[in-house]
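Hi,

Here is the structure I promised to pass on. Have a look at it first, and then read my notes below.

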Amino acid sequence: MQRLLAALTGQALAVFAADWTLITCTPLWGSLFGEPAHDPADRRNLVRDTFLPGSASAPLPRSERGREAMEAALVADLRTAQGTFPDDPRLRGLIQECTTRSPRFARLWSQGAAGALGHDRKTVTQPVVGDITLDCDILTVPGSDLRIVAYTVAAGTPAAEQLDFLRVTATRAPLND
């Protein structure tokens with residue numbers, strides 16, 4: 001995983017654990033979503049950012065499928081992760097916390113849907129270059145609780161120019177745990 005990220009450092013990539021805690025990311029990811037290096041691990045969790053008020057340090061990307069569909073897909077993905085890793089205490093704790101603190105999460109969780117996140121188109125509001133619409137792909141690592149999230153754009157588009165600008169200006173510090 002580390003070799004892959006090192007080889008693709010100029011791309012907007014991140015690695016997440018089964019509970020959607022950000023483990024590491026490339027400098028371009030940090031430029032797109034805000035630098036996560038200074039946030040503790042429990043503040044770098046997509047599920048908390050999505051469902052718990054005040055958790056997100058930056059605005060979340062907007063899915064072309066809409067917020068409700070994205071939330072349902074995230075909960076279904078979390079249910080699949082729970083089935084795959086039933087003894088993971090961090091995963092169990094996150095599910096309990098979100099079920100207790102978020103009526104929307106609790107309602108979606110009670111529906112029992114399971115699935116995996118895959119492809120989506122999302123718009124990110126980036127403070128320097130404005131709105132960027134990107135393709136989002138989630139790749140899983142067989143036999144692992146890790147997943148790679150990649151944001152890409154077609155070459156020669158205005159979004160590619162925006163990413164090129166961010167790529168040139170991207171700097172980052174390592175994540176702290």
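First, a caveat: this is a predicted model. The backbone nitrogen of R90 lies 2.9 Å from a polar atom of the D88 side chain. D88 sits in the loop between α4 (67-84) and α5 (89-101). It is buried but has no salt bridge. The nearest side chain of opposite charge is that of R90, 5.0 Å away, whereas a salt bridge would need a side-chain nitrogen of Lys or Arg within 4 Å of a carboxyl oxygen. So what D88 does have from R90 is that backbone nitrogen, at 2.9 Å from a polar atom of its side chain.

Now the sheet. It is an open one of six strands, in the order β2-β1-β6-β5-β4-β3, with antiparallel pairing. β2 (22-25) and β3 (62-63) are at the edges with a single partner strand each, so one side of each has no neighbour in the sheet.

Going through some of the pairs:

- β1 (residues 12-16) and β2 pair in the antiparallel sense over three bridges, and F16 stands opposite L22 in β2.
- β6 (residues 147-152) and β5 are antiparallel too, over six bridges; I138 has V149 in β6 as its bridge partner. Their hairpin has six residues between the strands, and G143 there takes a positive phi near 75°.
- β5 (residues 130-140) and β4 (residues 119-126) pair in the antiparallel sense over eight bridges, with T125 partnered by D131 in β5. This hairpin has three residues between its strands.

Helix α7 (residues 158-169) lies across β4 and β5, and runs at about 85° to β5.

Is R147 buried or exposed? It comes out at a relative accessible area of 7%, and the cut-off for buried is under 20%, so R147 counts as buried. Its side chain joins that of D77 in a polar contact of 2.4 Å. Leaving aside residues up to four places away in sequence, R147 touches a run of residues including A14, V15, F16, A17 and A18, along with W20, D77 and A81. I138, L139 and T140 are also among the residues it touches.

If you open the model, I'd look at D88 with R90 and then at R147 with D77.

Cheers

How values were computed
Residues numbered from 1 in each chain as written. Predicted model: local features only at pLDDT ≥ 70, side-chain atom pairs only at ≥ 80, totals over all residues. Heavy atoms only, no water. Helix = DSSP H or I, 4+ residues; strand = E, 2+ residues; numbered from the N terminus. Buried < 20%, exposed > 50% of the residue type's maximum accessible area, 1.4 Å probe, protein only. Lys, Arg positive; Asp, Glu negative; His and termini not counted. Polar contact = N/O pair within 3.5 Å; in protein donor to acceptor, adjacent residues only side chain to side chain. Pairing = 2+ DSSP bridges. Contact = heavy atoms within 4.5 Å. Axes fitted to C-alpha atoms, helices over the stretch in contact; angles between N-to-C directions.
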